[in-house]
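Subject: Handover of a structure

Hello,

Please have the sequence and the coordinates open while you read the notes.

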Amino acid sequence: GLSSVDIGGQPVRIADLLRERPQDVAGRHIVERYGPTTALLVKLLDAGSRLPVHVHPTRDLARQLFDSQFGKAEAWAVLGTRHVEGQPSPRIWLGFRQDVAREQLMAWIEQQDTDAIRGAMNEIEVTPGDAVFVRPGLLHATGAGVFLVEAQEPTDFSIVAEYKGYPIAPDEAHLSKGWDRVIEVVDRAVVGAEELRSLIPPPRRIAGNDTEGWYEDDVWGPQSDPYFKGFRLVVDGSVAWPHAGVYSVVIVTDGAGVAETAYGRLEITAGDTFAVLAATAPTTISGDLQMLVTAPSFE
């Protein structure tokens, strides 16, 4: 939001442009449903240590607790992993592997028995290319040495069950709402093997093929569709931009190429990250490259 675009030789912050010309930034469908917002937050995270176990609310609970139209569904696309000395192999924690009673979870949090919390969770090693959808309500954490793209609803509602050893005050952990209230955010039911397979889906081809010189895979599967979408676009040749009219955040993950736009040519290469405004989408992408495209959903 603090990034700027050039309009008539003058830098204009995207956040200001969103207020002044919301449909040009976010697209008509997003603005009609949500108002002047991109409805999407995207981060690049490269953790040198394990992040604390935390959880985000559903939209219904976010309305009740925070008067927000957005909760915080999120999803990860693992770009790379590395071993961090003194830490286990790259991994994530996602949901409980057994049902946990409300009183038990409250006791673990109050005592900061974080070994018990993580011990009750699904612990999964990850490798580059893995994709994970973290539905609201699931406790989760990423381990050391995991480099990922994180797509989210645009809020900062993180309820932190593990704050011992982190620069997080106890009152900040429950966002000053009290554990008696925010404990209801946590889904304490078991997340079994079948649901884990749906939360960590294989890529699904949705357009194109190798013979056409391009193809696109759905990254996070149908569970992310009410919130946002993720696509892996692979180009070996040229393709018309498949997401015109919608705001998106794009990370070039491999190779190099050119984005042709109505405003000129933009050379792009692995490591480049950029926002595509709804009114300024490329016309074509050409080259030999791979891109991760994240876009808000208006379903």
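The model is predicted, so to speak of local features a pLDDT of at least 70 is needed and side-chain atom pairs count only at pLDDT 80 or more, while totals for chains, interfaces and linings use all residues. Residues are numbered from 1 along each chain as its sequence is written, and side-chain values use heavy atoms, with hydrogens and water left out.

Aromatic rings

A pair of aromatic rings is described by the distance of the centres and the angle of the planes. Rings of Phe, Tyr and Trp (for Trp, the six-membered ring) pair if their centres lie within 6.5 Å; planes under 30 degrees apart count as stacked, over 60 as edge-to-face and the rest as tilted. The count by this rule is 6 aromatic pairs. One of them is F66 with F157: the ring centres are 4.3 Å apart and the planes are at 10°, so this pair is stacked. F66 belongs to helix α4 (residues 59-66) and F157 to the loop between β10 (146-152) and β11 (159-160), so the pair ties together parts that are 91 residues apart in sequence. Helices (H or I, at least four residues) and strands (E, at least two) are DSSP runs, numbered from the N terminus. Both F66 and F157 are buried; buried means under 20% relative accessible area, exposed over 50%, and partly exposed in between (1.4 Å probe, protein chains only).

Ring pairs also join F133, W220, Y227 and F228 into a cluster.

Two arginines lie over ring faces. The criterion is that NZ of Lys or CZ of Arg is within 6 Å of the ring centre and within 35 degrees of the ring normal. R50 is over the face of W93, at 5.9 Å from the ring centre. R205 is over the face of Y215, at 3.8 Å from the ring centre.

Pockets

A pocket is found on a 1 Å grid over the protein atoms alone, as an open set of points where a 1.4 Å probe fits, with protein on both sides within 12 Å along at least five of seven lines; lining residues have an atom within 4 Å of a point. Grid points are joined across faces, edges and corners, and a volume is the space filled by probe spheres set on the points.

The largest pocket has a volume of about 600 Å³. Its lining has 21 residues, and V5, Y263, A275, L277 and T280 lie nearest the centre. At least two lining residues come from each of β1 (4-7), α1 (14-20), β15 (248-261), β16 (264-269) and β17 (273-276). By class, this lining has 13 nonpolar, 4 polar and 4 charged residues. Ala, Val, Leu, Ile, Met, Phe, Trp, Tyr, Cys and Pro count as nonpolar, Asp, Glu, Lys and Arg as charged, and the others, Gly among them, as polar.

The second largest pocket has a volume of about 400 Å³. It is lined by 23 residues, with V78, L79, G129, R232 and T253 nearest its centre. β5 (74-81), β15 and β18 (284-296) are the elements that give two or more residues to this lining. The largest share, 4 residues, comes from β15. The classes here are 14 nonpolar, 5 polar and 4 charged residues.

Single residues

D218 is in strand β13 (residues 214-218) and is buried, with a relative accessible area of 5%. Its side chain reaches the backbone nitrogen of W220 at 3.5 Å and the backbone nitrogen of G221 at 3.4 Å. Such a polar contact is a pair of N or O atoms within 3.5 Å; within protein, one must be able to donate a hydrogen and the other to accept it, and residues adjacent in sequence count only if both atoms are side-chain atoms.

T142, in strand β9 (residues 140-142), is buried at 8% relative accessible area.

Most residues other than glycine have a negative phi. A39 has a positive phi, near 60°. A39 sits in the loop between α3 (28-34) and β3 (41-46) and is buried, at 1% relative accessibility. D67 has a positive phi too, near 55°. D67 lies in the loop between α4 and β5 and is exposed, at 71% relative accessibility.

Regards
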